[in-house]
Amino acid sequence: MMKIISLCPSNTELCVYLGVEDQLIALDDYSDWPDSVQHLPRLGPDLSINIDLVEKLKPDLVLASLSVPGMEKNLIALQDRGIPHLTFNPQSLDDIAKDLLTLGDALGMETRAAAVVHAYRSRIKQYEETAKRIEQKTPLYWEWWPNPLFSPGGVNWLTEISRLAGGYNIFETIDAASIQVLPDDVRKHNPAFILLAWVGVPTSKIKPELVKKRPGWTDMIAVQQDQLLILEEPLYCRPSPRLLDGLEKLALLLHPEHFQHLTDK
């Protein structure tokens, strides 16, 4: 068995989907799923990994990431010390599938990885086929950060998730993964739902009532119909197959009449 270290939650989750969580020997501080790995030694937050400890543990493979700005220094440190590693930087649902295959290849588990990816892509296909039959797509505003406002652009898995759930990201035409927007930009698009997934903030600390008080936002359908949803960051902001669990929840919230049959299977 290989000794694996994961430096961010999404990489930990890739290991779980491949069934190799028992090969993990240490994790970053934010890897909070599943319960079965919570006893492992911690290496610090993903932007400030204790590389000395990583080296001391003598891993066979370290799973690094570039999914959050600032993670580059971890990669540089791993390279400088000659620590064997893989680096993932997925922006799309298909990138996640490719990362699963890459990890499976590195672990000598190509057949297992292929089966996991087949199931993953099949689930996406089911939602894709159902979403095609929804004529009126629901406009969605995703909020990653409240001050200043940050939202995913078109080059992000949440734009795909939106379409698969029978909606669309109001900023899907902007060719970027993450964008800073102005309150008036959101208001002009008049989203039907405001989806609050503040990165690094517990759901209990997210306050929709403060969002409703932003100047001019009472004119929007989402505020008038009280359609502000607090979403769990782990199911929407981490590039792992768990995004499809988030997709299931969102699709049932937006169009239960169309997607219930997928949940019942």
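**Reading a predicted chain: strands, burial and backbone angles**

Me: Which side chains of strand 9 point to one face, and which to the other?
Reply: In this predicted model, the side chains of strand 9 (residues 178-181) alternate. Buried here requires under 20% relative accessible area.

Me: How do you know that strand 7 and strand 9 pair, and in which sense?
Reply: Pairing requires at least two bridges between the strands. Strand 7 (residues 149-152) and strand 9 have 4 bridges, so by the cut-off of at least two they count as paired. The sense is antiparallel. Among the bridge partners, Phe150 goes with Gln180, and Ser151 goes with Ile179.

Me: What is the order of the 3 strands in the open sheet?
Reply: The order is 6-7-9, and the pairing is antiparallel.

Me: Why is one side of strand 6 and of strand 9 left without a neighbour in the sheet?
Reply: Strand 6 (145-146) and strand 9 stand at the edges, and each has a single partner strand, so on one side each lacks a neighbour in the sheet.

Me: What kind of peptide bond joins Asn147 and Pro148?
Reply: The bond is cis, with omega about -5°. Pro148 sits in the loop between strand 6 and strand 7. A cis peptide bond also joins Trp33 and Pro34, with omega about -5°; Pro34 belongs to the loop between strand 2 and helix 2 (51-56). For background, most peptide bonds are trans.

Me: Why does Gln227 count as buried?
Reply: The cut-off for buried is under 20% relative accessible area. Gln227 has 19% relative accessibility, and therefore counts as buried. Gln227 lies in the loop between helix 9 (221-224) and strand 11 (228-230). Not counting residues up to four places away in sequence, Gln227 touches Ala192, Phe193, Ile194 and Ala222.

Me: Is Asp226 called buried, exposed or partly exposed, and why?
Reply: Exposed needs over 50% and buried needs under 20%, with partly exposed in between. Asp226 has 49% relative accessibility, so the term is partly exposed. Asp226 is in the loop between helix 9 and strand 11, and its phi is near 55°, a positive value in a residue other than glycine.

Me: Why is Lys58 called exposed?
Reply: The relative accessible area of Lys58 is 58%. The cut-off for exposed is over 50%, so Lys58 is exposed. Lys58 is part of the loop between helix 2 and strand 3. Its phi is near 50°, again a positive value in a residue other than glycine. As a general point, most residues other than glycine have a negative phi.

Me: What makes helix 1 mostly covered?
Reply: Of the 10 residues in helix 1 (residues 9-18), 9 are buried. These are Pro9, Ser10, Asn11, Thr12, Glu13, Leu14, Cys15, Val16 and Leu18. They pack against strand 1 (4-6), strand 2 (24-27), strand 3 (61-65), strand 4 (85-88), helix 4 (93-106) and helix 5 (110-132). Just after helix 1, Gly19 has a positive phi of about 75°.

Me: Why does Leu262 count as buried?
Reply: Leu262 has 10% relative accessibility, so it counts as buried against a cut-off of under 20%. Leu262 lies in helix 12 (residues 256-263). Leaving aside neighbours within four places in sequence, Leu262 is in contact with Gln126, Tyr127 and Thr130. The C-alpha atoms of Leu262 and Ser178 are separated by 30 Å.

Me: How does the radius of gyration of the protein chain agree with that of a compact globule?
Reply: A compact globule of 265 residues would have a radius of gyration near 18 Å, and the protein chain has 19 Å, so the value agrees. Along its principal axes the C-alpha trace spans about 55 × 40 × 30 Å. The protein chain has 12 helices and 11 strands, and 49% of its 265 residues are buried.

Me: How many Å apart are the mean positions of the positive and negative charges?
Reply: The mean positions of the 26 positive and 36 negative charges are 2 Å apart. The accessible surface of the protein chain comes to about 12,200 Å², of which 53% belongs to carbon and sulfur atoms.

Key. Residues are numbered from 1 along each chain as its sequence is written. This is a predicted model: local features need pLDDT of at least 70, side-chain atom pairs count only at pLDDT 80 or more; totals for chains, interfaces and linings use all residues. Side-chain values use heavy atoms; hydrogens and water are left out. Buried means under 20% relative accessible area, exposed over 50%, partly exposed in between (1.4 Å probe, protein chains only). Contact means heavy atoms within 4.5 Å. The radius of gyration is taken over C-alpha atoms; the globule rule is 2.2 Å times the number of residues to the power 0.38. Accessible areas come from the Shrake-Rupley method with a 1.4 Å probe; for residues, only the protein chains shown count as cover. Lys and Arg count as positive and Asp and Glu as negative; His and the chain ends are not counted. The place of a charge is taken as NZ of Lys, CZ of Arg, CG of Asp or CD of Glu.
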